[in-house]
Amino acid sequence: MIKRRSVFTKLFSTYLLILFISFLFIGIVINVLVQIEIIDRYHKAFDHQQQQLISFFQLAKDENWTEQLLSSSLELNMNQEDRMIFLFDESGNIKYNENLFMNLEIDLSIEELLSEETSQRYHNQEYVVYLMSSPIQLEMEENSVYTMVMVFHEFDSDMKKFRFILNVTILIAIILAGIIIFFTSRKLTSPLREMNHSALQLAKGDFHHRVKVKTHDEIGQLGETFNYMAKELASIDQMRKDFVANVSHDLRSPLTSISGFLGALMDGTIPIEQQHKYFSIMRNETKRLMKLVNDLLDMARLEADQVEINPVAYNLSEQVRLIIAKMEPALSQAKMEIELLCEDDDLFVLADSSRIDQVFINLLQNAIQFSKENSKVEVVLERLENDVQIHIKDHGLGINEEDVSHIWERFYKKEKARSNKGGTGIGLSIVKHIIDLHDTSIHVKSELNRGTSFTFTLPHAEEK
């Protein structure tokens, strides 16, 4: 099984790698710059020493120093703690410190020293020296042309000391930065670990778990979005439970009635002359079940985007009149009436007639269900410039202002928004989906105990 690397591990290792590469680059650059600085310092010391020797020999000539005095003074001047100086004549003979030069064991011949100026590093046994040579004019009796050779034997030591200090500094900086990056990475990924834990709780059905938001950056915004998602899931889960309970009740009631009546018919409890009445009741209950099942199927197909509309031009006024006629039994039972108000006898629209039929039936049944007896529902068809506007008004119980925005939600129970009457909340959700498929919108206005008005538009079509 492949072990997955956590975000913390990736973040920490990435930062550490970037830090290491950065310090490595800085170390190389500083090492080169310091080496250049040391060599530049050697060149300045070499030039200064040349001037000193010229002045020294000029002084010896002016004061007529003896050879012994000159030699003793040169030894003190040419042999210093960090460097040695040698003089060669034109023939390649070393004038002073010959033994010391031989002990250097440098892989460089006398001819090469005298032929041109030299300025480079050489390996001398176990360490590195920096050697410089250049012609020099001296006031001496034999001749005046010499070659001055200067060996800095502390070059390797200086570089080692500097590299040691640089490496220790970089190591300490990497350790300190690594500790800071470790805790910073932990702090940055802590909300992600908490969200991961909360997601697992959500997967187990605990929708009340929330993430503690401590920052206002992108991770903080993600935490707020996660909490909003958890809140919405909790709301949907509650609506789902209410929906299941409500649908179960709506399914069980007619099934119980049908089962009871069938049992009574089979054992002869119901007289023959009353059987037609109970067959009619069972038929109505069956229709009620079929409508509920059809609504559930329609809602599932609409939410899965499996429904396509086929807009055609048709007579909207005639459609509303036919719907009102079909709903006459329900209107008689509820002791209500539906009034159609239309300036024109015939208004044609471009829409899917069967789906708009569903919209009208659901809205009118909704109005009938939540209206008082002997009240009236108004259907107003109004011709606009390019559209036909439809108003469906009732004078029923109305909806609370805070509930208006929720009536289109799936699984939302209508009794919460309007009354204690039964219902599954499927009808209005279906209406909203169908209206959206027609690229239009539906609006609702409602006042408690004064009624509700639904308004939507459809594109106008010319009569064919």
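**The open sheet and its surroundings**

Modeller: The accessible surface of the chain comes to about 28100 Å², of which 55% belongs to carbon and sulfur atoms; such areas come from the Shrake-Rupley method with a 1.4 Å probe, and for residues only the protein chains shown count as cover. The model is a predicted one, in which local features need pLDDT of at least 70 and side-chain atom pairs count only at pLDDT 80 or more, while totals for chains, interfaces and linings use all residues. Residues are numbered from 1 along each chain as its sequence is written, and side-chain values use heavy atoms, with hydrogens and water left out.

Of the 464 residues in the chain, 40% are buried, where buried means under 20% relative accessible area, exposed means over 50%, and partly exposed lies in between (1.4 Å probe, protein chains only). The secondary structure comes to 13 helices and 11 strands; these are DSSP runs numbered from the N terminus, with helices being H or I over at least four residues and strands being E over at least two.

The part to look at is an open sheet of 5 strands, whose order is 6-8-9-11-10 and whose pairing is mixed. At its edges are strand 6 (337-342) and strand 10 (442-447), each of which pairs on one side only, and two strands count as paired if DSSP finds at least two bridges between them. Neighbouring strands of this sheet are turned by 15° against each other on average, direction ignored; the axes are lines fitted to C-alpha atoms, for helices over the stretch in contact, and angles run from 0 to 180 degrees between N-to-C directions.

In the sheet, strand 8 and strand 9 run antiparallel and are joined by 6 bridges, with L381 standing opposite I390 in strand 9, and a hairpin of 3 residues links the two. Strand 9 is mostly covered, with 5 of its 7 residues buried. Strand 9 also pairs in the antiparallel sense with strand 11, over 7 bridges, and there K393 has S453 of strand 11 as its bridge partner. Strand 11 (residues 451-459) in turn pairs with strand 10, again antiparallel, over 6 bridges, and I442 is found opposite F456 of strand 11.

Helix 8 (residues 316-326) lies across strand 6, strand 8 (376-383) and strand 9 (387-393), and runs at about 170° to strand 6. Helix 13 (residues 426-437) has 12 residues, which at 1.5 Å a residue should span 16 Å, and its end C-alpha atoms are 17 Å apart, which agrees; the expected span is 1.5 Å times one less than the number of residues. Among the buried residues of helix 13 are I426, L428, I430, V431, I434 and I435, and its buried residues pack against strand 10 and strand 11 as well as helix 6 (218-266), helix 7 (275-303) and helix 10 (353-369). D439 is not a glycine, yet it has a positive phi of about 55°, and it counts as exposed because its relative accessibility is 73%.

The loop between helix 10 and strand 8 holds both E373 and S375. E373 is exposed, since its relative accessible area is 53%, whereas S375 counts as buried because its relative accessibility is 12%. If residues up to four places away in sequence are not counted, E373 touches A334 and K335, a contact being heavy atoms within 4.5 Å; the C-alpha atoms of E373 and A334 are separated by 6.1 Å, although the two residues are 39 residues apart along the chain. On the same terms, S375 touches K335, M336 and E337. The side chain of S375 also has a polar atom 2.5 Å from the backbone oxygen of K372.

Key
A polar contact is a pair of N or O atoms within 3.5 Å; within protein, one must be able to donate a hydrogen and the other to accept it, and residues adjacent in sequence count only if both atoms are side-chain atoms.
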